[in-house]
Amino acid sequence: MSLTRNFFNCRRSLININSSSFSTSAVKSQNVQQATGTKRICIVGAGPAGFYAAQYLLKQLTDCAVDIVEKLPVPFGLVRFGVAPDHPEVKNVINTFTKTAENPRLRFFGNVTLGTDVTLQELRERYHAVLLTYGADQDRELELDNEGQAHVISARNFVAWYNGLPGAEQLQPDLSGRDVTIVGQGNVAVDVARMLLSPIDSLKLTDTTEYALQALADSKVERVHLVGRRGPLQAAFTIKELREMLKLPNVETCWRPQDFTGIEAQLDKLQRPRKRLTELMLKSLGEQSSRKAGTINKQFLPIFLRAAKSIAERKMEFSITELRENSAVATEATEHLPADLILRSIGYKSSCADAGIHFDAHRGHVCNQQGRVLKEDKSQAEPGLYVAGWLGSGPTGVILTTMNGAFTVAKTICDDMAANAFDATSIKPGLVMDNNKRIVTWQGWQRIDKYETEAGKSKLKPREKVVSIPEMLRIAGV
């Protein structure tokens, strides 16, 4: 469905978005002040970047109203569908986002897709400023023959599968083999390895989906290979994730001593975070020789200096690499690793949701300069159009990184408004959907949230996620 072409009559009092504008009375309470001079800002994407930006804007601009548009019926993006289920402390940021969403100057429009239900041009006509924060929903490929085979899947999809992203329940990864090989050594790769090797009883106390719990309970996976192109000093995982792996019960971490040749001598040259991580790897390496053989039946195997070369049935070939100026260069030598299942974890990229966005398809992000979206010729910025989060920067950093970036772009919006870089004085109507579009408001999300938490109680889980969009809409009352 598209936006209705009929604007609301501009008023100096309150605008009441009620059942005459939507197909459900659930939106009756989404009242936003439409006084003369109200600055209307639309944020597309209800993940961390979107909510952090909204938090900043509502605090700094007391005369602004913010609408958050989200393609799914539920909010929180990466926090809900990307953070590992056994990291509930990271998900506590949802409490902050909820407080922001309950601000009377904010409206949530769930189940509204940019490029399908509403175009960027329509949003720009209806708001003084538009901020794109819809994240990175694609993954980078190895670009190898046979990559499309059933036993090769992306870590992004695997994460979505156990986290309950609608549609991901169809993935059905084959966990009947002994060996899983993960290509990539970032935190996502380590999260996946930990989920595959963790005791099922501990996962049952998380919000891991029931279908994933059943598959993991039946899993025959005993060894997870974590393979990276470069060496230990370039490992992308953090010390927190490594500590968790080393503490997993009934799992032995097995390093290759040759990967650490000369590493100890470089410790004093390293920055503190890298030094601590390297020391932990060396400590674990030193302890593995004293372990009793045959006492543990699962293994976590980090392997360095290997670049994916080819994919075959139940195995994978890697080029042995060497470091030259901090880059991995393939040699003629190769090694085969067993791989009943291959998980690709070499990075995310964004997609272009609307033809009106100046998008760099090669790099997988919106073309921008300090959060200001650039015009096609890159000569100058599009007035009133911004981008934040992974959609603008690429998939880098953790949630704290996203927060700082979102705050910075939100400040840029405030500064541009103060400098009259674009018109922020005319009256704008904001978003108005037609009668047939099923919109999930914040009140609708609260119904889903309550349903999920109630469903989880009997299983001693924080929640049992609803994974069907039609079911979400039914529970939300739309």
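Which residues have the most contacts inside the largest nonpolar core?

1. This is a predicted model, so read the points below as notes on a prediction. Inside the largest nonpolar core, which has 50 residues, the ones with the most contacts are Ile41, Leu57, Val66 and Ile68. Take Leu57: leaving aside residues up to four places away in sequence, its contacts are Ile41, Ile43, Cys64, Val66, Ala410, Ile413 and Cys414. There's also a second, separate core of 45 residues, with Ala155, Leu248, Val251 and Phe260 among its members.

2. Seven strands form an open sheet in the order 5-4-3-6-22-21-20, and the pairing is mixed. Strand 5 (106–110) and strand 20 (368–369) sit at the edges, each pairing on one side only. Strand 20 runs antiparallel to strand 21 (residues 372–374), with 2 bridges between them; Asn368 has Val373 of strand 21 as its bridge partner.

3. Helix 13 (residues 399–418) packs on that sheet and touches strand 3 (39–44), strand 6 (129–132), strand 21 and strand 22 (381–387). The directions of helix 13 and strand 22 make an angle of about 155 degrees.

4. Helix 13 also meets helix 1 (residues 48–60): the two axes come within 8 Å and cross at roughly 40 degrees. Because of that angle, helix 1 counts as oblique to helix 13. The crossing is right-handed.

5. Who makes that helix contact? On helix 1, the residues include Tyr52, Tyr56 and Leu57; on helix 13, they include Met403, Phe407, Ala410, Ile413 and Cys414.

Terms used
Residues numbered from 1 in each chain as written. Predicted model: local features only at pLDDT ≥ 70, side-chain atom pairs only at ≥ 80, totals over all residues. Heavy atoms only, no water. Core = buried A, V, L, I, M, F, W, Y, C linked by side-chain atoms within 4.5 Å. Buried < 20%, exposed > 50% of the residue type's maximum accessible area, 1.4 Å probe, protein only. Contact = heavy atoms within 4.5 Å. Pairing = 2+ DSSP bridges. Helix = DSSP H or I, 4+ residues; strand = E, 2+ residues; numbered from the N terminus. Axes fitted to C-alpha atoms, helices over the stretch in contact; angles between N-to-C directions. Parallel < 35°, antiparallel > 145°, perpendicular 65-115°, else oblique. Left-handed = near helix turned anticlockwise from the far one by under 90°.
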